[in-house]
Amino acid sequence: MGEFAVAADEVRIAYQVSGAGEPLVLLAGQSNSHGWWDPVRADFAAAHRTVTLDWRGTGDSDKPDVPYSTRGFAGDVIAVLDALGIERAHVYGTSMGGRVAQWVAAAYPDRVRALVLGCTSPGGPHAVERGNDVRRSLAQGTPAEIRRALIDLMYTPGWTAAHPGPYATLGDDAMPGYARRRHLLASNGHDAWDALPAIGARTLVLHGTEDRFNPVANAPLIAGRIPGARLELIEGARHAYFEECSAISSPLVLDFLRSGDDAGAS
């Protein structure tokens, strides 16, 4: 059963906690609830007190019909940390969650121990946008055809053949249409380019080499903007690398977080 934090504008944000150890916040992709992390959460809960949340507009959180932004979502993350009495946490964001994580680290530097940015983008004019063919595949056709296109962008055909679903990364089906549009506008409006050089947290950037949903060219752009950031590319992986290639990516993340602790990070 989830609990709730209250954001600055009185919106209730549902959150979930499992595991024990150094706190680790896991941030999901656009139009997704905490269920995005269900397939791999146990990888992290074995070593960390994991915290997830339902973005406003998804899951059990309130769903106001007002403008959303990635910077505003970052404020919701801080509200959850405050509700839990967590002063500092590791933050791992993927896709839109990685955009939000950029703002958490840039705007609230004293709250972040280490930062992991997965399959994400700096946004704005410097970002590498997905191709028009990808855009068309997600905008045209029947709902079943669009769903199939999204699955193909998330996972390799070999993996889906062996894992017929259901898939946790395809969006919150219970979201109101207006909230889905608000999420899209928030993600599209993200631009943290100028803020990235100010991030002081140790940072790991992860991306699949075959990601066409959020092109892999964004990964070195982000890593090049954040001082001392480490870049790791996962060969052959698509957008949902963290699930399909969890045997590679989860240990990478855990080792990165542990290396900072071993070095005496506080």
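**Exercise 1.** Decide whether D82 is buried or exposed, or in between, and find its salt-bridge partner.

*Solution.* At 46% relative accessibility, D82 counts as partly exposed, where buried means under 20% relative accessible area, exposed over 50%, and partly exposed in between (1.4 Å probe, protein chains only). The model is a predicted one, in which local features need pLDDT of at least 70 and side-chain atom pairs count only at pLDDT 80 or more, while totals for chains, interfaces and linings use all residues. Residues are numbered from 1 along each chain as its sequence is written, and side-chain values use heavy atoms, with hydrogens and water left out.

The partner of D82 is R111, and the closest N and O atoms of this salt bridge (a side-chain nitrogen of Lys or Arg within 4 Å of a carboxyl oxygen of Asp or Glu) are 2.8 Å apart. Because R111 lies in the loop between α3 and β6 and D82 in helix α2, the pair ties together parts that are 29 residues apart in sequence; helices (H or I, at least four residues) and strands (E, at least two) are DSSP runs, numbered from the N terminus. R111 itself is buried, with a relative accessible area of 13%.

**Exercise 2.** Work out how far helix α3 is enclosed by the rest of the structure.

*Solution.* Begin with burial: 10 of the 12 residues of α3 are buried, so this helix is largely enclosed by the rest of the structure. Among the buried residues are R99, Q102 and W103. Finally, the elements that cover the buried residues include β5 (89-94), β6 (112-118) and α7 (177-188), contact meaning heavy atoms within 4.5 Å.
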